[in-house]
Amino acid sequence: MQFRQIILALFGLVSLTCCALLPRLADPQVVTLAQKVGSDASTFFADLAAKGDKDCSFAENAAAYDHLTKLATALNAHIAASKSSPALVLASQALLRTLADARASHVAASVKTDDANGACMAPGAIALNAAAIARASAAIAATQTAEGAQ
Amino acid sequence: MSLDIASLGSQIGTTILTSLKSDSGKVRAMALAEGDKLALALTQIAGLLAERQIDGEEAALLVRVQKDASEVVLASLAEISRVAASKAVLLGLQGVAGVVDAASGVPVLAPLFATATALATAPATT
């Protein structure tokens with residue numbers, strides 16, 4: 001009888017622990033996609049800063065923005081479908097806006113070829129956009145990791 | 001061109017925090033950290049403008065990228081809505097617009113946020 005009570009008590013404890021933990025588990029797909037946006041953006045902007053007149057224009061780099069937007073769209077769709085966190089849905093939408101505005105700033109820089117940078121973005125502008133996308137994507141990944149750790 | 005980044009950051013962070021009306025220590029830390037990051041970014045954008053590396057249109061877009069990123073950071077906190085995050089960042093940037101514009105010599109921020117203020121202060125419907 002005593003043994004049975006101990007087993008039941010243990011089972012109850014394990015069940016309670018699992019129920020408490022399950023809704024808070026970090027979604028690895030969210031972390032992976034958010035980190036991928038950050039790392040691919042970092043690589044892209046580092047390469048962009050090293051490019052010369054022929055390769056630095058928006059037209060030559062549009063595919064990279066398409067790639068980053070595709071990743072962020074997948075992240076947004078996954079978060080929305082999992083219905084795990086309304087806050088992250090909104091954050092991932094803001095990440096898409098960050099990418100769209102970064103893209104627009106590159107377009108604007110490339111259109112104006114009569115400045116010192118020609119069709120290229122100013123190196124300082126590239127660094128600013130890189131930092132913004134890095135901190136935005138890191139915030140989403142960190143939120144998921146923190147929720148999983150609770 | 002000279003801007004006190006620490007003072008700007010403190011002003012932006014405090015404005016964001018006041019707008020969010022939150023007692024959470026996590027929100028406070030993130031609001032103040034975003035204030036510092038925005039101040040640094042604005043100073044760099046003002047510098048690029050003053051050096052004529054970018055023009056007003058590009059500067060406005062770069063500011064929007066920074067604003068978007070801060071909204072991501074704040075909206076990722078469960079206790080903050082996107083509307084509240086957007087309004088807080090907007091007010092934070094608007095509060096220092098005059099100082100940054102004066103430093104760069106190009107009125108970019110003030111006109112940018114003057115038109116957006118009405119939207120930020122309007123009652124949220126969503």
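1. The model is predicted. Read every point below as a description of computed coordinates from that model.

2. Start with helix α3 of chain B, residues 56-75. α3(B) has 20 residues. From first C-alpha to last, α3(B) reaches 28 Å, close to the 28 Å expected at 1.5 Å a residue. The helix is mostly covered, with 17 of its 20 residues buried.

3. One partner of α3(B) is helix α2 of chain B, residues 25-50. The two axes come within 10 Å and cross at roughly 170°. Angles over 145 degrees count as roughly antiparallel, so α2(B) is roughly antiparallel to α3(B).

4. The residues that α2(B) brings to this contact are B:M30, B:E34, B:L38, B:A41, B:I45 and B:L49. They meet B:A59, B:L62, B:V63, B:Q66, B:S70, B:V73 and B:L74 of α3(B). By class, the contact of α2(B) with α3(B) has 10 nonpolar, 2 polar and 1 charged residues.

5. α3(B) also packs on helix α4 of chain B, residues 82-104. Here the axes are 9 Å apart and the angle is about 135°. α3(B) and α4(B) are therefore oblique to each other. The crossing is right-handed.

6. On the α3(B) side, the contact with α4(B) uses B:K67, B:S70, B:E71, B:L74 and B:A75. On the α4(B) side, it uses B:R82, B:A85, B:S86, B:A88, B:V89 and B:L93. These residues divide into 6 nonpolar, 2 polar and 3 charged. Note B:S70 and B:L74: both meet α2(B), and both belong to the contact with α4(B).

7. Next, the contact between the chains. Chain A gives 30 residues and chain B gives 26. On the chain A side, the elements that give two or more residues are α4 (86-111) and α5 (123-149). The largest share of that side, 14 residues, comes from α4(A). The chain A side divides into 18 nonpolar, 7 polar and 5 charged residues.

8. Last, A:H106, which is found in helix α4 of chain A. Is A:H106 buried or exposed? A:H106 has 27, so it is buried.

9. Which residues does A:H106 contact, leaving aside its neighbours within four places in sequence? They are A:F58, A:N61 and A:M121. A:H106 and A:Y65 are 41 residues apart in sequence, and their C-alpha atoms are 9.9 Å apart in space.

Methods. Residues are numbered from 1 along each chain as its sequence is written. Chains are lettered from A and ligands numbered from 1 in the order in which they are written. This is a predicted model: local features need pLDDT of at least 70, side-chain atom pairs count only at pLDDT 80 or more; totals for chains, interfaces and linings use all residues. Axes are lines fitted to C-alpha atoms, for helices over the stretch in contact, and angles run from 0 to 180 degrees between N-to-C directions. Helices (H or I, at least four residues) and strands (E, at least two) are DSSP runs, numbered from the N terminus. Angles under 35 degrees count as roughly parallel, over 145 as roughly antiparallel, 65 to 115 as roughly perpendicular and the rest as oblique. Two residues are in contact if their C-beta atoms, placed from the backbone, lie within 7 Å. Ala, Val, Leu, Ile, Met, Phe, Trp, Tyr, Cys and Pro count as nonpolar, Asp, Glu, Lys and Arg as charged, and the others, Gly among them, as polar. A crossing is left-handed if the near helix is turned anticlockwise from the far one by less than a right angle, and right-handed if clockwise. The expected span of a helix is 1.5 Å times one less than its number of residues. A residue is buried if 20 or more other C-beta atoms lie within 10 Å of its own, exposed if 12 or fewer, and partly exposed in between; C-beta atoms are placed from the backbone.
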